[in-house]
Amino acid sequence: MPDRIKVCQVLSNYVVGGAEMVALDIARGLDPERFESLVVTVIEPDGPDEPEMRRRFREAGIPTFALHHRNFRDPRTLWDMARFFRRQRPDILHGHKRFSDAWACRVGRWAGVPHRIWTRHSVYRDMNARQLRRYRTLAPRTPVVVAVSDVVRQNCLQTEGLPAALVRTVVNGIDTERFAPRAAAERAAIRAALGVEPDEQLLLFVGRLSEEKAPEAFPPLVARLAAQGLAVRGFMCGDGPLAARVRAAAAGTPVTLLGVRRDIPELLAACDLLVSTSRVEGLPLNIMEAMAAGAAFVGPDLDQVLQLVTGEPDLAAGVYPRPPDRGPVPDDQLARWAALTAARLADADGRQRSGRRGRAVIGERFSLDRMVRTYAGIYEDIVAGRLRPAPQ
């Protein structure tokens with residue numbers, strides 16, 4: 001085994017999202033005496049401003065690169081990927097986002113990279129037959145495919161058709177030092193900085209403003225609560241392709257769009273409820289981060305959310321029916337969400353119990369240290385030959 005294992009994390013772009021945060025946590029968590037880390041994006045706009053996620057990698061001391069291509073149909077994309085991999089000579093390519101993960105594994109093989117793996121971060125229902133065949137073809141050439149939850153693993157087996165022996169579950173981990181409860185005075189200062197009055201309750205949305213998160217449902221939910229006479233303020237952290245639609249939905253409601261923020265741990269610790277409206281998740285980092293910060297939450301009854309709350313009545317009290325797979329959330333469903341959210345806001349003791357138990361669950365089952373150690377072990381097993389692709 002070489003003195004240090006060189007691992008290249010491959011992303012589509014430097015957006016702030018769950019998969020990107022997992023890649024960052026792995027890269028900065030690996031022991032620098034045993035590993036050398038770098039990150040590259042393939043489909044990345046070439047603009048004057050440094051993307052937020054690239055800045056986070058850089059500030060963590062991880063070398064960052066971007067190939068600035070627009071799609072994989074251009075042969076120059078594949079040529080530049082191959083040239084980059086030959087120049088950097090990593091021991092392992094680790095892909096994290098469709099479809100840069102598949103192309104990185106394919107091009108990495110052409111470029112002579114010894115080992116290629118990918119992590120599946122979500123359940124994807126929109127892959128066509130050709131895309132599924134691509135992953136099925138690539139899978140036997142990699143020693144392991146990682147799924148972030150058992151639900152995602154089952155989708156890899158049943159929908160993507162990957163071999164069961166190949167797919168391993170490694171649950172995401174949360175940094176419980178960064179995401180932690182705050183003292184009452186600090187919480188009050190954070191809320192005051194947002195303009196939240198002492199008698200108002202703060203509802204927080206954290207996530208990418210994209211179709212799978214159904215973010216446009218948050219403003220009308222908050223508006224319903226306000227119409228019922230509750231003193232509530234809503235704040236949304238994130239950006240994405242639905243930003244304009246969400247901004248239009250928030251007009252005339254007590255909801256403020258904050259954009260991409262660097263103080264998510266503080267905001268979570270200061271909120272009264274974290275609100276998730278997701279249609280689909282791999283493992284919901286926003287809810288897990290809220291739990292670590294000692295915040296109560298409401299969210300959909302996706303299997304990945306139920307995995308966090310099973311056997312925990314104080315946590316399960318925040319679960320409501322999931323939104324439809326696509327399209328607007330119906331009014332009757334928004335009404336049910338509002339009723340449950342109002343009940344949670346009225347139950348201060350229940351929210352405190354939920355916050356305490358949520359943090360304990362994260363520490364017991366979803367620690368960042370456990371996740372990083374597991375990935376480090378996978379990398380070492382691959383390079384040492386203890387994990388191998390299936391014989392061809």
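This is a predicted model: local features need pLDDT of at least 70, side-chain atom pairs count only at pLDDT 80 or more; totals for chains, interfaces and linings use all residues.
**Cavities, a pocket and cores**

Helix H1 supplies four residues to the lining of the largest cavity, the largest share of that lining. Rolling a probe the size of a water molecule over the atoms shows where empty space is left. When the whole structure is searched in this way, two cavities of 30 Å³ or more are found.

The largest cavity has a volume of about 100 Å³. Its lining consists of Met21, Val22, Asp25, Arg28, Gly173, Ile174, Asp175, Arg178, Phe179, Leu285, Glu289 and Met371. Two elements give two or more residues to this lining: helix H1, which covers 18-29, and helix H11, which covers 285-292. Sorted by class, the lining residues of the largest cavity are six nonpolar, one polar and five charged.

The second largest cavity has a volume of about 40 Å³. Around it stand Cys105, Arg109, Arg116, Trp118, Leu138, Arg141 and Thr142. Here the elements that contribute two or more residues are helix H4 (100-110) and strand E5 (115-120). The classes in this lining are three nonpolar, one polar and three charged residues.

The lining of the second largest pocket as a whole is made up of seven nonpolar, three polar and five charged residues.

The largest nonpolar core has 78 residues, of which Leu204, Leu268 and Tyr379 touch the most other members. Helix H16, residues 368-384, provides nine residues, the largest share of this core. Tyr379 can be followed in detail. Leaving aside residues up to four places away in sequence, Tyr379 touches Ile5, Val7, Gln9, Ile26, Leu30, Phe35, Ile92, His94 and Ile117. There is also a second, separate core of 26 residues, with Ala217, Val246, Val275 and Val329 among them.

Last come some details of the backbone. Most residues other than glycine have a negative phi, and most peptide bonds are trans. The peptide bond that joins Arg98 and Phe99 is cis, with an omega of about -10°. Phe99 belongs to the loop between strand E4 (92-95) and H4.

The other two places concern phi. Arg89, although not a glycine, has a positive phi of about 55°. Arg89 sits in the loop between helix H3 (75-88) and E4. Ala214 is not a glycine either, and has a positive phi of about 45°. The loop that holds Ala214 runs between strand E8 (201-206) and helix H8 (218-227).

Are these two residues buried or exposed? The relative accessible area of Arg89 is 67%, so Arg89 is exposed, the cut-off for that label being over 50%. Ala214 has a relative accessibility of 0% and therefore counts as buried, a label used under 20%.

Key. Residues are numbered from 1 along each chain as its sequence is written. Side-chain values use heavy atoms; hydrogens and water are left out. Ala, Val, Leu, Ile, Met, Phe, Trp, Tyr, Cys and Pro count as nonpolar, Asp, Glu, Lys and Arg as charged, and the others, Gly among them, as polar. On a 1 Å grid over the protein atoms alone, a cavity is a set of points where a 1.4 Å probe fits but cannot get out, and a pocket is an open set with protein on both sides within 12 Å along at least five of seven lines; lining residues have an atom within 4 Å of a point. Grid points are joined across faces, edges and corners, and a volume is the space filled by probe spheres set on the points. A nonpolar core is a set of buried Ala, Val, Leu, Ile, Met, Phe, Trp, Tyr and Cys residues joined through side-chain atoms within 4.5 Å. Buried means under 20% relative accessible area, exposed over 50%, partly exposed in between (1.4 Å probe, protein chains only). Contact means heavy atoms within 4.5 Å.
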